[in-house]
Amino acid sequence: MVMGPTCGLVLADLGAEVIKVEPLEGDNTRRLMGAGAGFYSIFNRNKKSLALDLKHAQGKEIVLKLADSADVVTENFRPGALEKMGLGYAALSQRNPRLVYCTLKGFLSGPYEHRPALDEVVQMMGGLAYMTGLPDRPLRVGSSVNDIMGGMFAAIGILAALRERDTTGRGKLVRSALYENTVFLVAQHMAQLAITGEEPPPMAVKKPAWGVYDIFPTKDGDRLFVGVVTDTQWDVFCREFGAADLAADARLRTNGQRVQERGWLLPALEKILRRYGKAELSQKLEAIGLPYAPITRPRDLFDDPHLNAGGMIETKDTRGTSFKVPALPLELGGKRLGLRNQPPVISENARELLASLGYAPTRIDALIADKVVAAPQ
């Protein structure tokens, strides 16, 4: 749904020709609604689509021809599914020794490797849901974070394997997985336990590392997150907000001391910051260089001036809706990576791709008529 497509998106945005091989009826995410309504549009720009029947001998032949000329094959099927079809790494690398084959799964090698997984499954078993929710109420993170990061790690592994191939002349198998990605995210909490002997509580009830790192109400009934994470920033805060008494208080000289005094310090700071409306407080914090943030919903991001200065791409959903989506969060040579092609409709590039593999127009027509390949839609 997300992990494999994210890997392809990263490579496509970076300039690769990425061919999305779909079932005859198209990728299931084309039809998802609710929380999955945006999956296809977000993760499939800059790709080409070829929809075919992979279980048909002629459909499999097409995929083998694609793999014979490809630099990279990625797959996000259940464990063992493509091996049963003769499309696993061993079979394809024998035909094309230079091939980099990336398999995206729930788990890397080990006792769990044959289990299926979903983002929410690994968030629960990898400690991330525990660290996100309340002690008795684990909560998944508000994004498909492991699917997306698993796809990113896959792309990183692919790029490294391609660089190695420049030297050795041979490709290799790359594996990326959801569970290990989750545990990598939680590793900082594992390390905290190992070093301090204290088991970290969920972030919602954690002992903070900084004295001022909180959400504060404003005069106009809104809220701002404000962070004061160094002693220098504390001096600036007290000076600019007229809090000479706090600056002189010996109990608050260091960040560690301020952490210990949060019980009475935060109410005192709330009184100071509540004198300002959200816009006025934001302007003041920006002027003096202190970290702050409004509490934003996804709907607010469409009009974010920073994102709209070059970080948004106008896309069109295959169901006809046009809207802006974020570009890949990279700059190369001072430029963001943009849109070459909208997310393709089902089998949009079938004729072009089959012709590049040597199929004559009459043969392509026959493949479409026999429902081996979907007609471009």
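Predicted model: local features only at pLDDT ≥ 70, side-chain atom pairs only at ≥ 80, totals over all residues.
**The whole chain**

The chain comes out with 17 helices and 12 strands. Of the 377 residues, 40% are buried. If you look at contacts between residues at least 6 apart in sequence, 70% of them join residues at least 24 apart.

**A three-stranded sheet**

Let's zoom in on an open sheet of 3 strands, ordered E3-E4-E5, with parallel pairing. Strand E3 (72–75) and strand E5 (173–177) each have a single partner strand, so they sit at the edges and one side of each has no neighbour in the sheet. On average, and ignoring direction, neighbouring strands here are turned by 15 degrees against each other.

How many bridges join E4 to E5? There are 5, and the two strands run parallel, with E4 covering residues 100–105. Thr 103, for instance, has Arg 175 in E5 as its bridge partner.

| Helix | Strands touched | Angle between its direction and that of E4 |
|---|---|---|
| H1 | E3, E4 and E5 | about 140 degrees |
| H8 | E3, E4 and E5 | about 165 degrees |

**H1 against H8**

The two helices also pack on each other: H1 (residues 3–13) and H8 (residues 145–168) make an angle of about 50 degrees, and their axes are 7 Å apart. Is that roughly parallel or oblique? At that angle H1 is oblique to H8, because angles under 35 degrees would be needed for roughly parallel. The crossing is right-handed.

On the H1 side, the contact is made by Met 3, Thr 6, Cys 7, Val 10 and Leu 11. H8 brings Asp 147, Ile 148, Gly 150, Gly 151, Met 152, Ala 154, Ala 155, Ile 158 and Leu 159. Sorted by class, the contact has 10 nonpolar, 3 polar and 1 charged residues.

**Glu 61**

Last stop: Glu 61, which belongs to helix H3 (residues 57–69). Why does Glu 61 count as partly exposed? Its relative accessible area is 32%, and the partly exposed class lies between the 20% limit for buried and the 50% limit for exposed. Leaving out residues up to four places away in sequence, Glu 61 touches Tyr 359 and Arg 363.

How values were computed
Residues numbered from 1 in each chain as written. Heavy atoms only, no water. Helix = DSSP H or I, 4+ residues; strand = E, 2+ residues; numbered from the N terminus. Buried < 20%, exposed > 50% of the residue type's maximum accessible area, 1.4 Å probe, protein only. Contact = heavy atoms within 4.5 Å. Axes fitted to C-alpha atoms, helices over the stretch in contact; angles between N-to-C directions. Parallel < 35°, antiparallel > 145°, perpendicular 65-115°, else oblique. Left-handed = near helix turned anticlockwise from the far one by under 90°. Nonpolar A, V, L, I, M, F, W, Y, C, P; charged D, E, K, R; others polar. Pairing = 2+ DSSP bridges.
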